[in-house]
Amino acid sequence: MSANSARTSPATPVGPQVCPVVDIVFSRWATPILWTLNEYGRLRFVELQRAIAGITPKVLTQRLRQLERDGLVIRTYYPEVPPRVEYEISQLGRSLGPLFATLAEWSTENLDKVEQARTDFDGDK
């Protein structure tokens, strides 16, 4: 087997079971939710939804539950009339800060290259 074919067909499947951080942090909406809570602090559901363009209430609810389950978000319920719920990033979630900073730096340095690659690729068709 050549070196190239070894790269295209790994012996061990790649996925969440191999690298759970991919499923936890890099799902479609997890990163924007964590980024927003890290940037703005404790927010109510509606405030969080308004801060993240394009996210539906259903998807926001699902992702918040998953992030709470993973220990990255803290949900605080206030038994008032009407009830109030607030979300904040946990200390574990804050520990992802350097990762987000690195991603922001990478995107600043490389987003134009990605756009050019897309243009080149799309032009080939």
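A residue is regarded as buried when its relative accessible area is under 20%. In the predicted model described here, buried residues account for 26% of the 125 residues in the protein chain. The protein chain contains seven helices and three strands, and from the N terminus on these elements follow the order α-α-α-β-α-α-β-β-α-α. Of the contacts in the protein chain with a separation of 6 or more, 47% are between residues 24 or more positions apart.

The packing of helix α3 (residues 30-40) against helix α5 (residues 57-69) was examined in detail. The axes of these two helices come within 10 Å and cross at roughly 75 degrees. Since angles of 65 to 115 degrees count as roughly perpendicular, α3 and α5 are therefore roughly perpendicular to each other. On the α3 side, the contact is formed by Ala-30, Ile-33 and Leu-34, while α5 contributes Leu-60, Arg-63, Leu-64 and Leu-67. By residue class, the contact of α3 with α5 comprises six nonpolar residues, no polar residues and one charged residue.

Helix α5 itself consists of 13 residues and spans 18 Å from its first C-alpha to its last, close to the 18 Å expected at 1.5 Å a residue. The buried residues of α5 are Leu-60, Arg-63, Leu-64 and Leu-67. These residues cover an arc of only 105 degrees around the axis and therefore lie on the same side of α5. An α-helix has 3.6 residues a turn, so residues three or four places apart point the same way. On the other side of α5, Lys-58, Arg-65 and Arg-69 are exposed. Just after α5, Gly-71 adopts a positive phi of about 80 degrees.

Burial also extends to a loop position. Leu-96 is located in the loop between α6 (91-94) and α7 (97-123). The relative accessibility of Leu-96 is 13%, and this residue therefore counts as buried. Leu-96 and Thr-31 are separated by 65 residues in sequence, and their C-alpha atoms are 10.0 Å apart in space.

In summary, α3 and α5 cross at roughly 75 degrees. The buried residues of α5, namely Leu-60, Arg-63, Leu-64 and Leu-67, are also named among the residues that make the contact with α3.

Methods
Residues numbered from 1 in each chain as written. Predicted model: local features only at pLDDT ≥ 70, side-chain atom pairs only at ≥ 80, totals over all residues. Heavy atoms only, no water. Axes fitted to C-alpha atoms, helices over the stretch in contact; angles between N-to-C directions. Helix = DSSP H or I, 4+ residues; strand = E, 2+ residues; numbered from the N terminus. Parallel < 35°, antiparallel > 145°, perpendicular 65-115°, else oblique. Contact = heavy atoms within 4.5 Å. Nonpolar A, V, L, I, M, F, W, Y, C, P; charged D, E, K, R; others polar. Expected span 1.5 Å × (residues − 1). Buried < 20%, exposed > 50% of the residue type's maximum accessible area, 1.4 Å probe, protein only. Arc of directions from axis to C-beta.
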